[in-house]
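Please look through the sequence and the structure below before reading on.

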Amino acid sequence: MAAFRDVDLAILGDPSRQAIFELLARRPCSVGELADRLPITRQAVSQHLRVLRDGGLVVATAEGTRRIYRINPDGVAAIQAYFQRIWDDALTAFQKAADTADTDPEQEQQR
């Protein structure tokens, strides 16, 4: 499951898949509802949903004869954690560079 590993961000690299993900972020939908809102076939929607589901970004529940897809909160949390790690690493690197610049004797002489 996506909560226990990094999410493959390439999953959202496909414009149709990204559009499906964004529609599901607004509200849960069936394959038919998604196909009605997008310029792709139901079969294509189903294929994209399979990739999103396998990647841990969406989940499906049965409601009668339909499957309703929604965003997987664990998958979104994994994406958020990934970007938070990158942000934290960048801030740490920036702080180290700033600290080094403040104590670098060569730079003190140039001032």
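Rings of Phe, Tyr and Trp (its six-membered ring) pair if their centres lie within 6.5 Å, and planes under 30 degrees apart count as stacked, over 60 as edge-to-face and the rest as tilted. The structure holds one aromatic pair. The rings of Tyr 82 and Phe 83 have centres 5.2 Å apart and planes at 75 degrees, so this pair is edge-to-face.

This is a predicted model, in which local features need pLDDT of at least 70 and side-chain atom pairs count only at pLDDT 80 or more, while totals for chains, interfaces and linings use all residues. Residues are numbered from 1 along each chain as its sequence is written, and side-chain values use heavy atoms, with hydrogens and water left out.

**The chain as a whole**

- The protein chain has five helices and three strands, where helices (H or I, at least four residues) and strands (E, at least two) are DSSP runs numbered from the N terminus.
- Along the sequence, these elements follow the pattern α-β-α-α-β-β-α-α.
- Of the 111 residues of the protein chain, 30% count as buried, a word that means under 20% relative accessible area, with exposed meaning over 50% and partly exposed in between (1.4 Å probe, protein chains only).
- Among contacts (heavy atoms within 4.5 Å) between residues at least 6 apart in sequence, 52% join residues at least 24 apart.

**The strands**

- Two strands pair if DSSP finds at least two bridges between them, and strand β2 (residues 58–63) is joined to β3 by six bridges, the two running antiparallel.
- β2 and β3 form a hairpin with two residues between them, and Gly 64 in the turn has a positive phi of about 70 degrees.
- Strand β1 (residues 29–30) also pairs with β3 in the antiparallel sense, over two bridges.
- Ile 68 in β3 has Ser 30 opposite it, and Thr 61 stands opposite Ile 68 as well.

**Two residues in the strands**

- Ser 30, which is found in strand β1, is buried because its relative accessible area is 7%.
- Leaving aside neighbours within four places in sequence, Ser 30 is in contact with Arg 66, Arg 67 and Ile 68.
- Arg 70 lies in strand β3 (residues 66–71) and is partly exposed, because its relative accessible area is 27%.
- Not counting residues up to four places away in sequence, Arg 70 touches several residues, among them Leu 24, Pro 28, Val 59 and Glu 63.
- The side chains of Arg 70 and Thr 61 are joined by a polar contact of 2.9 Å; such a contact is a pair of N or O atoms within 3.5 Å, where within protein one must be able to donate a hydrogen and the other to accept it, and residues adjacent in sequence count only if both atoms are side-chain atoms.
- Arg 70 and Leu 23 are 47 residues apart along the chain, and their C-alpha atoms are separated by 9.2 Å.

- Helix α4 (residues 73–103) has 31 residues and reaches 44 Å from its first C-alpha to its last, close to the 45 Å expected at 1.5 Å a residue; the expected span is 1.5 Å times one less than the number of residues.
- Asn 72 caps the N-terminal end of α4, with a side-chain oxygen 3.0 Å from the backbone nitrogen of Asp 74.
- The buried residues of α4 are Gly 75, Ala 78 and Ile 79.
- Tyr 82 is partly exposed, with a relative accessible area of 26%, and Phe 83 is also partly exposed, at 44%.
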